[in-house]
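Okay, thanks for making time, everyone. I'd like to walk you through one model today, so let me put it up on the screen.

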Amino acid sequence: MFNKIRLWKNQNNNSSTLREKIEEVRKLPVPEHVAIIMDGNGRWAKKRALPRIAGHHEGMKVVRKITKLANSLGIKTLTLYAFSTENWKRPKNEVEYLMKLPEEFLGTFLPELIEENVQVEMMGYKDQLPVHTLHAIEKAIEDTKNNDGLVLNFALNYGSRSEIIDATKKVLNDYKSGILKESELNEEVFSSYLMTSNHKDPDLLIRTSGEIRLSNFMLWQLAYTEFWFTDVLWPDFREKHLIEAIEAFQNRQRRFGGI
Ligand code: IPE
Ligand code: IPE
Ligand code: MG
């Protein structure tokens with residue numbers, strides 16, 4: 001599939017295939033953990049006089065494309081913000097559709113994800129999810145648990161402030177029961193109480209649709225992440241945009257407070 005796509009002109013003005021571009025990008029360090037706030041589905045639909053859910057459906061196809069590319073690029077973890085703890089405020093029919101998307105997505109693409117050695121994970125509050133949504137995700141997690149390629153981590157019913165409060169409560173409990181001493185609590189230990197305990201912090205954050213905010217996403221984990229914003233709406237996001245973001249990342253100088 002990649003060989004057919006000719007999108008880039010190299011210095012000699014020859015077009016290069018996506019496969020060649022991937023090889024070129026992989027010569028420099030690629031971000032290990034990329035997080036994406038997939039935004040703009042509603043506006044994409046509105047522009048076409050379609051219902052908002054048509055935008056979510058279209059966005060799902062982009063998840064597939066971007067997952068494949070992330071895997072080919074050697075990215076280790078791709079965290080996708082799919083539903084926030086605040087998104088329950090939306091109209092009932094939209095929420096219902098969003099809760100059906102994991103089944104629709106995994107129902108179609110799980111065999112492909114298994115074949116491509118992708119591991120599915122989820123972070124977020126499972127308790128409030130409909131049983132059918134949770135079931136689809138848990139099946140995908142189970143069916144891909146022995147894979148060791150890209151980790152595709154869905155942030156579903158995820159909210160960073162709640163996550164931090166819950167982590168704090170667990171810390172207090174462990175302190176009270178003597179498992180954790182006050183002197184032992186540091187940034188690394190606190191991180192281990194978060195939903196991302198098994199992942200390194202994101203190296204690169206992408207947000208689509210022109211909004212320049214975090215919307216309660218990974219507030220602790222993004223402390224030293226490189227940010228890349230684009231006006232492109234999520235359903236219009238393509239391989240070339242991810243490549244562009246990664247090339248921008250490769251040109252950044254990360255200092256972490258040093259010089
Ligand atoms: C992102 O697209 C998907 C979710 C938040 C679930 P939106 O639905 O927020 O699209 P806009 O921002 O209204 O265009
Ligand atoms: C953030 O997008 C949540 C997801 C992409 C899942 P929103 O569309 O909900 O964010 P706001 O409301 O514009 O901040
Ligand atoms: Mg939005």
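I'll start with the ligand and what surrounds it, then turn to a few residues along the chain.

Before anything else, keep in mind that this is a predicted model.

So, the ligand. Where does ligand 1 sit? Ligand 1 is in the largest pocket. There are 13 residues around it, and the ones that come nearest are Asp39, Gly42, Arg43, Arg52 and Arg90.

Let's look at the polar contacts there. Asp39 has a polar side-chain atom 2.8 Å from an oxygen atom of ligand 1. For Arg52, an N or O atom in the side chain is 2.9 Å from a ligand oxygen. And with Arg90, a polar side-chain atom lies 2.7 Å from an oxygen atom of the ligand. As for how covered the ligand is, ligand 1 on its own exposes 380 Å², and the protein buries 87% of that.

Now, which elements give two or more residues to the shell around ligand 1? Those are helix H2, residues 41-47, helix H3, residues 52-73, and helix H4, residues 92-115. H2 gives the largest share, with three residues. If you sort the shell by class, you get three nonpolar residues, five polar ones and five charged ones.

Arg52 belongs to helix H3. Is Arg52 buried, exposed or partly exposed? Its relative accessible area is 39%, so Arg52 is partly exposed. And if you follow the chain on from there, Gly74 is 22 residues away from Arg52, with 33 Å between the two C-alpha atoms.

One is Ala49, in the loop between H2 and H3. Ala49 isn't a glycine, yet it has a positive phi of about 55°. Ala49 has a relative accessible area of 73%, so it counts as exposed.

The other is Ser209, which you'll find in the loop between strand S7, residues 204-207, and strand S8, residues 226-229. Ser209 also isn't a glycine, and its phi is positive, near 85°. Buried or exposed, then, for Ser209? Ser209 is buried, because its relative accessibility is 7% and the cut-off for buried is under 20%.

To wrap up, I'd take two things back to the screen: ligand 1 in the largest pocket, and the positive phi values at Ala49 and Ser209.

How values were computed: Residues numbered from 1 in each chain as written. Chains lettered and ligands numbered in written order. Predicted model: local features only at pLDDT ≥ 70, side-chain atom pairs only at ≥ 80, totals over all residues. Heavy atoms only, no water. Near = heavy atom within 4 Å. Polar contact = N/O pair within 3.5 Å; in protein donor to acceptor, adjacent residues only side chain to side chain. Areas by Shrake-Rupley, 256 points an atom, 1.4 Å probe, with all protein chains shown as cover. 1 Å grid on protein atoms, 1.4 Å probe; cavity = no way out; pocket = protein on both sides within 12 Å on 5 of 7 lines; lining within 4 Å. Sits in = over half its atoms within 2 Å of the grid points. Helix = DSSP H or I, 4+ residues; strand = E, 2+ residues; numbered from the N terminus. Nonpolar A, V, L, I, M, F, W, Y, C, P; charged D, E, K, R; others polar. Buried < 20%, exposed > 50% of the residue type's maximum accessible area, 1.4 Å probe, protein only.
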